[in-house]
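I opened the notebook to look up a few places in this model. My entries follow in the order I made them.

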Amino acid sequence: MTSVPEEVPCLLMRGGTSKGAYFLAADLPAEPALRDDLLLRIMGSPDERQIDGLGGAHPLTSKVAVVSPSADPQADVDYLFLQVVVERPEVSDRQNCGNLLAGVGPFAVERGLVPAGEERTRVRIRMVNSGDHATASFPTPGGRVDYTGGARISGVPGTAAPVVIEFPAGAGELLPTGSVRDEIDGVQVTCVDNGMPTVLIAADLLKVTGYESPKDLEEDLTLADRLRRIRLEAGRLMGLGDVSDTTVPKLTLLAPPRDGGAVTTRTFIPVRCHTSIGVLGAASVAAGLRIDGSVGADLAELPPGSDRMRIEHPTGFLDIESSLGTTPEGLPTARRTAVVRTARKIFDGTVFPRAAARPQG
Ligand code: NQM
């Protein structure tokens, strides 16, 4: 599309523990600057309440998925994730989102991009932000997406149909700094990227327990300042450049498990503290904990002989399967990662963007 539409078909969905607006790429302007301006007006940014748009005034509910048929023979659809910043007039494609990913397969079926199977449908997805691939499979009895079912994920009330997401072997580096540990601002960290650049830090080294609520952690201004400094330096070491205005890397504080899981986490995304944990964030934590000598490997309790681990977070836990291999150079690499999420179609209709600002004068 070359013009800017005044109304846009939109499906509002919960994907995992996030919520976002899903669009067909063909319904949005192809030019990124025009598209982003339109999305800001649709979501109601910049405004800390997003009162004039669809956004929910939190990074986890100010998200957009743009989906199109894929030209990649290994994928059915392309999924571009866009984070619409709540308080600033900014839309970022620099991170991926494994939670909204849970809604991409169902959306592709709803919009006729992928034919539904009689019982289940498997959709192969190219994640445009990272170039990585994922597959999602979910129930489609009688050729229609069934969102109801018995799967429960922490952070979402009730139960819904399971969406099984699998990530094949990662092509990239698990350790973007080239080291298992780095020292930043006097603290040992492990920088790991299994789909989401993440900095692992033992909570007690930052003078917190790692069991605090997100609200209490967000109110700790000394902690915020320390995390900001560590993140800026970690971003440079990870080859991400100046990350002062980007949403990656994320920071995950680790503490020993309390509820039978492998580890307790509190994740900063990167300023607000996640109320649970991102899917790819969890994939990165899980990979990091499996690397010998990493920050976290010493405090985690991994079930022996199993690919599965339970990552505890502020509203419960996320179960994730992952296994690592080694590259010919002997570096750790991700073999397979899999997770169960749920998704829900909330609203299908037409969204009317706030009017564009009139030129002054
Ligand atoms: O890590 C939040 C979320 C996410 C990202 C964030 C995500 C992921 O929970 O895959 O899903 O880290 O900004 O939606």
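I began with I311. Leaving out residues up to four places away in sequence, I311 touches G261, A262, V263, T265, I277, A282, V285, A286, F317, L318 and I320. I counted two residues as touching if their C-beta atoms, placed from the backbone, lie within 7 Å.

**Ground rules.** I noted that residues are numbered from 1 along each chain as its sequence is written. The model is predicted, with local features needing pLDDT of at least 70 and side-chain atom pairs counting only at pLDDT 80 or more, while totals for chains, interfaces and linings use all residues.

**The core.** I looked up the largest nonpolar core, which has 94 residues. A65, V67, Y79, L101, V104, A136 and I311 touch the most other members. Helix α5 gives the most to this core, with eight residues. Such a core is a set of buried Ala, Val, Leu, Ile, Met, Phe, Trp, Tyr and Cys residues joined through C-beta atoms within 7 Å. Buried means that 20 or more other C-beta atoms lie within 10 Å of the residue's own, exposed means 12 or fewer, and partly exposed lies in between; C-beta atoms are placed from the backbone.

**Helix α5.** How many residues of α5 are buried? I found 11 of the 11, so α5 is largely enclosed by the rest of the structure. Among them are V279, L280 and G281. Helices (H or I, at least four residues) and strands (E, at least two) are DSSP runs, numbered from the N terminus.

**The ligand.** I then listed the shell: 15 residues surround the ligand, and the closest are S18, G98, N99, G278 and L280. Helix α5 (residues 279-289) gives the most here, with three residues.

**Helix α1.** I looked up the buried residues of α1 and found R35, D36, L38, L39, L40, R41, I42 and M43. Their cover includes β1 (8-15), β2 (18-24) and β17 (343-351). Just after α1, G44 takes a positive phi of about 90 degrees.

**Strand β8.** Which residues of β8 (residues 163-167) are on the covered face? They are V163, I165 and F167, while V164 and E166 are on the uncovered one. β7 (residues 132-139) pairs with β8 in the antiparallel sense over three bridges. Pairing takes at least two DSSP bridges between two strands. S137 stands opposite V164. Five bridges join β8 to β16 (residues 332-341), also antiparallel. There, V339 is the bridge partner of I165.

Key. A residue is near a molecule or strand if its C-beta atom, placed from the backbone, lies within 6 Å of it.
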